[in-house]
Amino acid sequence: MLKQRTLKTLIRATGVGLHSGDKVTLVLRPAPPGTGIVFHRVDLTPPVDMKADPYAVGDTRMASCLEKDGAKLGTVEHLMSALAGLGIDNLHVDVDAEEIPILDGSASPFVFLLQSAGIEEQNAAKRFLRVKKTVEVKEGDKWARLSPYEGFRLEFSIQFNHPAVDRSGTKVAVDFADQSYIRDISRARTFGFTQDVEAMRSQGLALGGSLENAIVMDEYRVLNADGLRVPDEFVRHKVLDAIGDLYLVGAPLLALFSAHKSGHAMNNKLLRALLADADAWEWASFELPETTPARVAHLYPDLQFA
């Protein structure tokens, strides 16, 4: 069967919060089968536990923020994206601040941490959430949609009316049966515009942002000395965010996700619309190779039947 996964050992990292600017210590710990991804605000007395859950998402300004009993934990999407990309089902995440550290603004440092700790298969079947019928949400010219697909594919387009973005690719399609999360998505960094910084900081946002952890643009160009990592890094980061936001559903999706100008709020709204329709989804596990759709079997090339 395709098995659940956790880490072999715990691992820690320190960094700063993108929006708070505060120093953060992060500890990733193995968890038993069926645990899911559980965040722990260990700086609070008593600690507050927050399970990955679309209904726990509150603030979606520039990030996805979990909320419980008055406690908050922001910017969870990059770590969640890395966990989805590596097929990690169960994990305890200890955090001593109100935000996951931004590190370099992509998911790549989290991938490095997870791989350094080692990934361990568990004696329990991996559980997928299979989309059975199309669900869509719209807001003006923005939209996001989940459709039936025996695998995991994302199609995303963006529109910013900015020279640096318009010169890059504004559309991308990624199918993880054929492409690599680590190679094709994980290194894409978050981005922002200098003209928005003052307004964001007046709202307590982007206080820890810098050229070290984001792509920054003025009215005309990218200000980072090393430029972009890939020509279409902007739209690839939006895909990275969407993967993390969607993994808050608590299991890997079997679906086609397609979207135009979607962000954290719309991604979360889409998950809630999906879960609200009992006919639109079902749980799925795969015990035998011969009963597993080919694209599902290839989602995790290093995950073998056992």
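How many aromatic pairs does the structure hold? The structure holds nine aromatic pairs, a pair being two rings of Phe, Tyr or Trp (its six-membered ring) with centres within 6.5 Å. The model is predicted, with local features requiring pLDDT of at least 70 and side-chain atom pairs pLDDT 80 or more, while totals for chains, interfaces and linings use all residues. Residues are numbered from 1 along each chain as its sequence is written, and side-chain values use heavy atoms, without hydrogens and water.

In one of these pairs, the ring centres of Phe-160 and Phe-193 lie 5.9 Å apart with planes at 40°, so the pair is tilted (stacked is under 30 degrees, edge-to-face over 60, tilted the rest). Phe-160 belongs to the loop between β13 (152–157) and α3 (163–167) and Phe-193 to strand β15 (residues 191–193), so parts 33 residues apart in sequence are tied together. Phe-160 is partly exposed at 32% relative accessibility, whereas Phe-193 is buried at 10% (buried is under 20% relative accessible area, exposed over 50%, partly exposed in between, with a 1.4 Å probe and protein chains only). Phe-191 and Phe-234 form an edge-to-face pair, 5.1 Å centre to centre with 85° between the planes. This pair links strand β15 to helix α6 across 43 residues. Phe-160, Phe-191, Phe-193 and Phe-234 form one aromatic cluster.

Helix α6, which contains Phe-234, is mostly covered, with 15 of its 15 residues buried. Phe-234 itself is buried, at 0% relative accessibility.

Conventions
Helices (H or I, at least four residues) and strands (E, at least two) are DSSP runs, numbered from the N terminus.
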